[in-house]
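Let's take a friendly walk through this model, from its aromatic contacts to its metal site and its strands. Please keep the viewer open as you read.

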Amino acid sequence: MIIRKSVQEIEKMAAAGALVAETIALVGEHIRPGITTAELDRIGEEHIASRGGVPTSKGYRGFPAALCISPNSVVVHGIPGPYALEEGDVVDIDIGVTLDGFVADSAYTFPVGDISDEAERLLETCQGALAAGIAQARVGNRVGDISAAVQDVSEDAGFGIVRSLVGHGVGRSYHEEPQIPNFGRPGRGPVLSEGMTLAIEPMITAGRPEVHVHDDGWTISTADGSLAAHFEHTVAVTEAGPRILTTSAVPLLR
Ligand code: MG
């Protein structure tokens with residue numbers, strides 16, 4: 001069952017989303033060669049707490065940290081730790097915040113210093129795929145319209161699409177129906193209607209699209225070791241069109 005939200009509930013999600021965006025921007029300001037992912041997690045967690053929020057990931061099915069931090073070939077669900085970022089890395093910061101009973105979820109893949117042209121193109125493509133998906137989050141469209149838009153942008157650029165991980169509904173719970181694959185056919189899947197709130201999150205790779213889960217049970221990496229990118233917004237389907245609830249203060253990639 002897809003849970004539609006009232007106008008008041010969407011405003012609560014937007015408040016959670018603003019805190020997510022603010023936290024991603026703050027963490028982004030600290031990204032530089034030499035900082036560890038554990039330090040970035042601490043900065044993010046402290047900020048969320050200072051604004052009265054709760055990091056949704058912490059303790060979710062046993063996840064041990066507030067933020068998911070996924071460098072380079074790690075696609076998603078990286079556990080913050082002693083790894084120190086290096087010049088040329090890319091690093092995905094994925095944050096869920098619960099505020100006043102509602103969750104918002106967003107992710108942004110940052111460059112660390114100067115990155116390769118290929119890495120830059122990967123990030124730009126993933127961001128473009130997210131924008132194309134969001135543009136389809138309209139009343140009367142279907143989930144497949146979002147999926148196909150994400151797939152077109154990603155594959156036109158020659159990148160792989162991770163099949164085994166998908167976007168999702170979000171609200172009082174971190175993960176609700178429907179699932180939102182990053183590949184699919186237009187006109188298929190559940191019809192979108194007013195009040196649906198969706199976390200749209202393309203995950204693409206510079207190489208093959210297959211992934212594997214590490215022994216920690218969380219970290220998911222590309223099987224071939226190629227770079228991955230991940231961008232995510234929580235979006236409300238409204239009569240006025242798609243509304244991004246995790247409004248980001250992070251500047252777009254140049
Ligand atoms: Mg998500």
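Both Tyr108 and Phe110 are buried, where buried means under 20% relative accessible area, exposed over 50% and partly exposed in between, with a 1.4 Å probe and protein chains only. Before going on, note that this is a predicted model, in which local features need pLDDT of at least 70, side-chain atom pairs count only at pLDDT 80 or more, and totals for chains, interfaces and linings use all residues. Residues are numbered from 1 along each chain as its sequence is written, and side-chain values use heavy atoms, with hydrogens and water left out.

**Aromatic contacts**

Tyr108 and Phe110 also belong to one aromatic cluster, together with Phe231. A search of the whole structure finds four aromatic pairs. Here, rings of Phe, Tyr and Trp (its six-membered ring) pair if their centres lie within 6.5 Å; planes under 30 degrees apart count as stacked, over 60 as edge-to-face and the rest as tilted. Two of these pairs are set out below.

| Pair | Centre distance | Plane angle | Class |
|---|---|---|---|
| Phe63 and Trp218 | 5.0 Å | 90° | edge-to-face |
| Tyr108 and Phe110 | 4.6 Å | 45° | tilted |

Phe63 and Trp218 are both buried. Their pair links distant parts of the chain, 155 residues apart: Phe63 sits in the loop between β1 (54-55) and β2 (68-71), and Trp218 in the loop between β11 and β12. Strands (E, at least two residues) are DSSP runs, as are helices (H or I, at least four), numbered from the N terminus.

**The magnesium site**

Which protein donors does the magnesium ion have? They are Asp105 (OD), His168 (NE2), Glu201 (OE) and Glu232 (OE), lying 2.2 to 2.4 Å from the ion. Donors are N, O and S atoms within 2.8 Å of the metal (3.2 Å for Na, K and Ca); water is not among the atoms, so sites may look incomplete. Along the chain, the donors follow the spacing D-x62-H-x32-E-x30-E. Glu201 and Glu232 are both buried.

**Strands**

An open sheet of three strands runs in the order β3-β12-β11, with antiparallel pairing. Two strands pair if DSSP finds at least two bridges between them. The edge strands, β3 (74-76) and β11 (211-213), each pair on one side only. β11 meets β12 (residues 220-222) over three antiparallel bridges, and Val211 stands opposite Thr222 in β12. Elsewhere, β14 (residues 233-238) and β15 (residues 241-244) are antiparallel over four bridges, and a hairpin of two residues joins β14 to β15.
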